[in-house]
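Here is a short briefing on side-chain contacts. It covers salt bridges and aromatic pairs.

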Amino acid sequence: MSHARHRMSCLALAIAAALGLSACTSTTPASKAKPSSAATDSSTSAKGNSAPALFKQLQRSGATAKSVRIKGSITNGATAAAAAVTVKIDIAGDLAGKNNIALVDDGTGVMELLTVGGKTYIKADTAYWTKNGTAAIAKVAAGKYILVPAASAANMSDSTVGKLLTQIYASAAGQLSTKVVTTEVNGVPAYLLATKANDSKLYVSADGQARLLRVEGSKGQLSAWDFTEWNAVPLASAPAADQLTTLPSK
């Protein structure tokens, strides 16, 4: 593999790893993690719906769903060597991981990972390739799709909506508080399930379908993610021939 191709693969894998949730905990101050609509965060319990029962319904609804869109941000805390970085994500596709589009914006450039027809492609803008590659790479690759080698693509499955949902459920399992609160997310009636440590929250639709509407946190990486377009994400198409290119060998 050439230096440029190796750089591309490592970069894509790093982004895929950043999208994975090692824990359903997070992020930013509570004011930033609040739903955009006014949430009635009262102490009223959801009658007839215990936290374990709602969580089981949530898992079942996720297991039977076909597709979903996840949009939000990931904030990595500041370290001695680097300032805090917020990465915006917008991932939509089927839960099987066969048809997905993942958009990642780190504030200095935008990258897209497209999986369709058994293949994965990467596309990024000039700023992204200039920062993470070279000016020569940016000149050739900006705005074009590049086929990701199969071996590298196989390691990017954590960036699919199905894997992210699985990780969220696994992180919350056994950690939920017994308290259930009635609230709203973007005007949609919901139940709020919080972890015992109150460092992550799951908002579940109160319409009987128990769809995941939002995940929030207060520590770690995850900021706030909204879940929409359940079973309604349109299929992505493979890039046309004139949208494809290859990276320069050096």
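**Side-chain contacts**

Glu-229 is partly exposed, at 32% relative accessible area (buried is under 20%, exposed over 50%, partly exposed in between; 1.4 Å probe, protein chains only). The model is predicted: local features need pLDDT of at least 70, side-chain atom pairs count only at pLDDT 80 or more, and totals for chains, interfaces and linings use all residues. Residues are numbered from 1 along each chain as its sequence is written, and side-chain values use heavy atoms, leaving out hydrogens and water.

**Salt bridges**

- The whole structure holds six salt bridges (a side-chain nitrogen of Lys or Arg within 4 Å of a carboxyl oxygen of Asp or Glu).
- Arg-69 and Glu-229 form one of them, at 3.1 Å from N to O.
- That pair spans 160 residues, from strand β1 to the segment after β11 (strands are DSSP runs of E, at least two residues; helices are runs of H or I, at least four; both are numbered from the N terminus).
- Arg-69 is partly exposed, at 24%.
- Asp-106 bridges to Lys-131 at 3.4 Å; the former sits in the loop between β3 and β4, the latter in helix α4.
- Glu-112 in strand β4 and Lys-123 in strand β5 are 11 residues apart, and their salt bridge is 3.8 Å.
- Glu-112 is buried at 9%, whereas Lys-123 is partly exposed at 23%.
- Shared partners join Arg-69, Asp-90 and Glu-229 into one network.

**Aromatic pairs**

- There are three aromatic pairs (Phe, Tyr or Trp ring centres within 6.5 Å, using the six-membered ring of Trp; planes under 30 degrees apart are stacked, over 60 edge-to-face, the rest tilted).
- Tyr-121 and Tyr-145 pair edge-to-face, at 6.4 Å and 80°.
- Both Tyr-121 and Tyr-145 are buried.
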